[in-house]
Amino acid sequence: MANTVVRTLYTHPACSYSDALRQELVSDGLVFTEVDISERLDLIPEVLALTGGERITPVMVTGDIVTVGFRGAG
């Protein structure tokens, strides 16, 4: 069995960059789990820890790699 990369995408519904990254991931055929932080307020401290305290979406976690924003914006 191949090693599957685990991707988690933290998004917010009012964020067009979240929409853009989601569409890119889908277009590239990548498997990911999306977490809408407006529906999971309990995860905000976790997302803030990932972003160094920045209130920004999207946040993509791929294994141990955290990417904040979309192509330098977000």
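Author: A residue is called exposed when its relative accessible area is over 50%, and buried when that area is under 20%. The model discussed here is predicted.

Reader: Why is R71 called exposed?

Author: The relative accessible area of R71 is 68%. The cut-off is over 50%, so R71 counts as exposed.

Reader: What makes E24 and R71 a salt bridge?

Author: The closest N and O atoms of E24 and R71 are 2.2 Å apart. The rule asks for a side-chain nitrogen of Lys or Arg within 4 Å of a carboxyl oxygen of Asp or Glu, so the pair qualifies. The pair links distant parts of the chain, with E24 in helix 1 and R71 in the segment after strand 4, 47 residues apart.

Reader: Why is E24 called partly exposed?

Author: E24 has a relative accessible area of 26%.

Reader: What makes R22 and D19 a salt bridge?

Author: Their closest N and O atoms are 3.0 Å apart, and the limit is 4 Å. Both residues lie in helix 1 (residues 16-27), three residues apart, about one turn of the helix.

Reader: Why is V59 called buried?

Author: V59 has 0% relative accessibility. Buried means under 20%, so V59 counts as buried. V59 is found in strand 3 (residues 59-62), and its contacts include Y10, V47 and V66.

Reader: How do you know that strand 3 and strand 4 pair?

Author: Pairing needs at least two bridges, and these strands have four, in the antiparallel sense. In one of them, V61 has V66 as its bridge partner.

Conventions:
Residues are numbered from 1 along each chain as its sequence is written. This is a predicted model: local features need pLDDT of at least 70, side-chain atom pairs count only at pLDDT 80 or more; totals for chains, interfaces and linings use all residues. Side-chain values use heavy atoms; hydrogens and water are left out. Helices (H or I, at least four residues) and strands (E, at least two) are DSSP runs, numbered from the N terminus. Buried means under 20% relative accessible area, exposed over 50%, partly exposed in between (1.4 Å probe, protein chains only). Contact means heavy atoms within 4.5 Å. Lists of a residue's contacts leave out its neighbours within four places in sequence.
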